[in-house]
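Hello,

Here is the structure I promised to hand over. My notes on it follow below.

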Amino acid sequence: MAGEPQDDCLFCKIVAGTIPATIVRETETTVAFRDINPQAPTHILVIPKAHYENAAALAAGAPQLAADVLVETRTVADEEKLDSYRLVFNTGSGAGQTVWHAHAHVLGGRGLQWPPG
């Protein structure tokens, strides 16, 4: 069920503390941690603690929580001293989503080309 932890979800396990991660920030509703396969010098994932399959499900089911994730992306970027950065929400396998728990990628520290790929 949306919002409930899923036993087979990698990010739910990070939230629960059963899988280690390099956590850079944590709030009541979100966790931010370094990506294990960084695509830029700074690559941090910001996730809601509650499980939603993707950004669309999060926005529809918990708009305030979606806003919390966005606020945290800004805070992470500020703390990482990023003058410019990219936010990415992959929604669906065709867009590159591989973990089925909503998450924002904060990418920065190098020039980022457009279109992205």
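Which residue follows α3, and is its phi positive or negative? The residue is Lys81, and its phi is positive, near 60°. Helices (H or I, at least four residues) and strands (E, at least two) are DSSP runs, numbered from the N terminus.

Before the rest, please note that this is a predicted model, in which local features need pLDDT of at least 70 and side-chain atom pairs count only at pLDDT 80 or more, while totals for chains, interfaces and linings use all residues. Residues are numbered from 1 along each chain as its sequence is written, and side-chain values use heavy atoms, with hydrogens and water left out.

The sheet

The model has an open sheet of 5 strands in the order β1-β2-β3-β5-β4, with antiparallel pairing; two strands pair if DSSP finds at least two bridges between them. β1 and β4 are the edge strands, each pairing on one side only. From one strand to the next the twist averages 20°. Axes here are lines fitted to C-alpha atoms, for helices over the stretch in contact, and angles run from 0 to 180 degrees between N-to-C directions. The antiparallel pair β2 and β3 is joined over 5 bridges, and Phe33 stands opposite Leu45 in β3.

Helix α3

α3 lies across β1, β2, β3, β4 and β5, and runs at about 155° to β3. Its 17 residues should span 24 Å at 1.5 Å a residue, and the end C-alpha atoms are 25 Å apart, which agrees; the expected span is 1.5 Å times one less than the number of residues. An α-helix has 3.6 residues a turn, so residues three or four places apart point the same way.

Salt bridges

A search of the whole structure finds 5 salt bridges, each being a side-chain nitrogen of Lys or Arg within 4 Å of a carboxyl oxygen of Asp or Glu.

- Arg25 bridges to Glu72, with the closest N and O atoms 2.6 Å apart. Arg25 is in strand β1 and Glu72 in helix α3, so this pair ties together parts that are 47 residues apart in sequence. Glu72 counts as buried, at 7% relative accessibility.
- Glu26 bridges to Lys49, the closest N and O atoms being 2.9 Å apart. Glu26 is in strand β1 and Lys49 in the loop between β3 and α2, so the pair ties together parts 23 residues apart in sequence. Both count as partly exposed, Glu26 at 47% and Lys49 at 25%.
- Arg34 bridges to Glu80, again with closest N and O atoms 2.9 Å apart. Arg34 is in strand β2 and Glu80 in the loop between α3 and β4, 46 residues apart. Arg34 is partly exposed at 31%, as is Glu80 at 23%.

Salt bridges that share partners also join Arg25, Glu72 and Glu79 into one network.

Pro41

Pro41 is in the loop between β2 and β3 and is exposed, with a relative accessible area of 59%. Pro41 and Gly108 are 67 residues apart in sequence, but their C-alpha atoms are 6.4 Å apart in space. Leaving out residues up to four places away in sequence, Pro41 touches Gly108, Gly109 and Arg110.

Regards

Notes:
Buried < 20%, exposed > 50% of the residue type's maximum accessible area, 1.4 Å probe, protein only. Contact = heavy atoms within 4.5 Å.
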